[in-house]
Number of protein chains: 2
Amino acid sequence: MAFTFQINNDVVWDYDKNLLERAEANIPALLETEVRPIRIVERIPEDQRANDFELRESEKNILSLNDYSLGRDESLILDLGDHYVGQFSVDIASVGSPMDAPLYLRLKFAEVPSELYADSADYDGWLSRSWIQEEYVHLDVLPATLKLPRRYSCRYVELTVIDTSPKWKASFSNPLFVAKSSVSMDQLSAVTIEDEELKAIYNVSVKTLLDCMQTVFEDGPKRDRRLWLGDLRLQALANYYTFNDLFLAKRCLYLFGGMRTNDGKIPANVFTEPELTPDDTFLFDYSLFFVTSLFDYVEHTKDYDALENLYPIAKKAVDLALEQVDSQGRLVLTEDWPVFVDWSNDFEKSTAGQAIMIYTLKRFLKLAEAYNESEKAHYQQLLNQMVDFSKQALFDTEQKQFIIEGTNEVNVASQVWMVLAEVFDKRTNKRIMREMMKNHFPIKGIATPYMYHHVVEALFIADCSEEAIKLMKDYWGKMIELGADTFWEAFKPEDLEFSPYGSPILNSYCHAWSCTPAYLIGKYLLVNK
Amino acid sequence: MAFTFQINNDVVWDYDKNLLERAEANIPALLETEVRPIRIVERIPEDQRANDFELRESEKNILSLNDYSLGRDESLILDLGDHYVGQFSVDIASVGSPMDAPLYLRLKFAEVPSELYADSADYDGWLSRSWIQEEYVHLDVLPATLKLPRRYSCRYVELTVIDTSPKWKASFSNPLFVAKSSVSMDQLSAVTIEDEELKAIYNVSVKTLLDCMQTVFEDGPKRDRRLWLGDLRLQALANYYTFNDLFLAKRCLYLFGGMRTNDGKIPANVFTEPELTPDDTFLFDYSLFFVTSLFDYVEHTKDYDALENLYPIAKKAVDLALEQVDSQGRLVLTEDWPVFVDWSNDFEKSTAGQAIMIYTLKRFLKLAEAYNESEKAHYQQLLNQMVDFSKQALFDTEQKQFIIEGTNEVNVASQVWMVLAEVFDKRTNKRIMREMMKNHFPIKGIATPYMYHHVVEALFIADCSEEAIKLMKDYWGKMIELGADTFWEAFKPEDLEFSPYGSPILNSYCHAWSCTPAYLIGKYLLVNK
């Protein structure tokens, strides 16, 4: 998640010690896997490559790695063969005359080749350049084992000797990447997907999820490496259909439950290092996703203890959101609590926001039922008002499309979320989606798998499975065609070089909100088979 | 020492275990001193500064250091108040919203301001850029104590935040430099120098020596950080007149004694990390300085045990050198065993080399006497031949100057070394030096305190004390005038921006061969007072 920085220094936080203790009791022990590079690769000159997602195999043999001693400005790129998250070490020796100067080395870690084609020095975006996975290291004495203390998210490791001296060179051996995750592929139950394209999409989704599952569900292990509610919701869903690690899901719900503002607002994300800290960023829809994520969790696990502990948090989140709803059932958004829906600010989001509120209330009512909520009828009435308002004021019966009140703008997100919220019945939903496809497909101007996910799920809900599958193949399949080992934070099929940050070097190429095909396939295709 | 890289991969080394054990038994424990920055300084715009050796005090107060939080591209420079060698640590915290990105930090360590005015990226010289004292560090979690593992040689520490994020900044506190040396200023016996200029030169010399005295006599603690024979000779002499640390001198002699080629050649320098290793660089005069350094040591310490152990090494060094002397007493230099004399290659060095051989033989004969050498007469005869040849073939009686055979070139080094070798009596030496001064003063084209040292000592030997003192003041005094806390590896009074490496960023500004005024003042001015 990104794009607009919020700074809310005056927020007062309530920490619920009891809930946070439950969160901390579920910190997973990370599983470690030793990974060795499988080959040495190299850049392809610009006029010889189709795009920046290609590298070619070097003539250098990985089995003879330590024969290739490197002097000033020489480099080689190790290919781990797949995307991993973890720590890197390598043995380094000097070759030639005695080592009469330090070794100065640059290590660059890249999830995809385009990061290797980008020059870090050219980056001039608004996001911190500290995210660039690049280290400069001096070694005064060789031989030595260089074990970098930080964690990286990568498939490629470029070793560049900035300088040795004219009298000796550096040679590398025993490169080792210790990959880390809270889950293992061994935990997956076997699934049979006959369609090869879907199978590949499923596998890459699962790998994306695995690499994001660390001591929390991270949004991206390269960047921002932290727990966002919008990502958590989708990761947890994908997790239920794959690894089914219930401890990590529980932990993350308790983390959000345990850190709220003193009036009960749930932050959009939290930090866990050096200590548990909520971020001062608030998004209207992300707050509501605490409620839907709790619903998903309880529905999947029947963990009524968690319901008991977290229901009051969810109720408060709903109550706070309902303060934004007027007597007609209209959600009135304010600037200090914006709805996210998608990165793009090229479309109006009020109708999608209204739908997300309805989507949430429906799930909240089921939680309320299980909790024996005494005010259930009150919430049901508010839900009805919002649904009625949506049908009457936001739906253009002629176009069969939801509009933005005031401007009559018709956009993808409004239709998709209203269908997900099931404001109408399946038959009408189908008509809405068909109309939407007619006018807006192929989709342009949307860069997030997050938004694409919602389009695909709305297609499934509206009984347009064929179109849902086609969109998955066109979008996630296209990333695989480009070489994706994990799915990307941002991807515009119509603009391969798109980056929300001005450089691919800042993009996260293993991003939680992109792992949802594992959920979509699991829920809508495998179970129904 | 620098300028010409030698690569001699085919050398076979003999390691003398017994001698090396004696060297290792004398590794000093380093003394540590905690140093805190005394102020914050800043660069002066180019049009407002007289030269690149000036900084100005910042309006920022070092006592309020942690109030100055730094964001992207912001920096501050800590001034330790003097030159030190050791390790740096600082506490870093984040200020503002929670830390939503790593901190990316650059630390630059500078001995003198000119290194701060130079941009590392512009450096394109032949010497390894790995010597630039600059580190790039990512910190994922704050607060943290950053304790850099490497050793630096510096007075100034620049902290530059390359990036935080728009939501927070970095603040610094508790900067600490732990200075290291094998000796302490407390070991100095008090000396009284009434002349303020000489007193300042003496003090800076002593500081230079102290900072170079680590587990060996290093040539420069910034670069090359190792034991060179040419530097050792001068450091040891300065040490006898100041700290008088006899263990370190002994250790270094045994290191050279214990590592020679299988035909007895002594390398120009040795490494001590990760293990004892001789460098494959050979300089004719440096090999001979093992002999003179042993002479200086035994004369000063009366350590006849060392004489017993190391005399055979010295004898072999002399024998090897004598193989280069023809039957007329003429030293015939070869390309694979060059004489150094000075960095400059703008003058011919054969006559200076001849003089160094004579200088050495005279001292070797005294060692031979103490050792009861049976072949003493043989060496005396060879010495006489060399002296006779020098007087007859290399001295122009008309000019009263030594020449280069063949070209008749008259240069400073030839006169200086022939006077140091005392080929003539004091009266003639004085005439030679006066003639030399008439033609060559003020000296141009010589950039090393190493060569200036020999000029000054030759002036003292030739009974030109006044001119010797004036030259010390003009040369080393000029460095102090420019702000030197320690004396520099390279300095041309006529060209302040001179660097043998194309950038001041590679120059060593605390260099062993520049510390000799402490010896010169101690030997020729204090003792005679």
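Biologist: Which kind of link joins the side chains of D140(B) and R150(A)?

Modeller: D140(B) and R150(A) meet in a salt bridge, with 2.7 Å from N to O. The term asks for a side-chain nitrogen of Lys or Arg within 4 Å of a carboxyl oxygen of Asp or Glu. Between chain B and chain A the count is 8 salt bridges. Do keep in mind that this is a predicted model, where local features need pLDDT of at least 70, side-chain atom pairs count only at pLDDT 80 or more, and totals for chains, interfaces and linings use all residues. Side-chain values use heavy atoms, leaving out hydrogens and water, while residues are numbered from 1 along each chain as its sequence is written.

Biologist: How many residues of chain B are in contact with chain A?

Modeller: Contact means heavy atoms within 4.5 Å. By that rule, 48 residues of chain B touch 48 residues of chain A.

Biologist: And what area is buried between chain B and chain A?

Modeller: Buried area is the accessible area (1.4 Å probe) that two parts lose on being put together, summed over both. Here the value is about 3500 Å², with carbon and sulfur atoms giving 55%. On the chain B side, P98(B), H138(B) and K167(B) lose the most area to chain A, together 16% of what that side buries.

Biologist: How is chain A divided into domains?

Modeller: Such bounds come from an automatic or database domain assignment. Chain A has domain 1 (13-30 + 196-526) and domain 2 (31-181), and their C-alpha centres lie 37 Å apart. The area buried between these two domains is about 2700 Å², 60% of it from carbon and sulfur atoms. Their interface holds 3 salt bridges.

Note on methods. Chains lettered and ligands numbered in written order.
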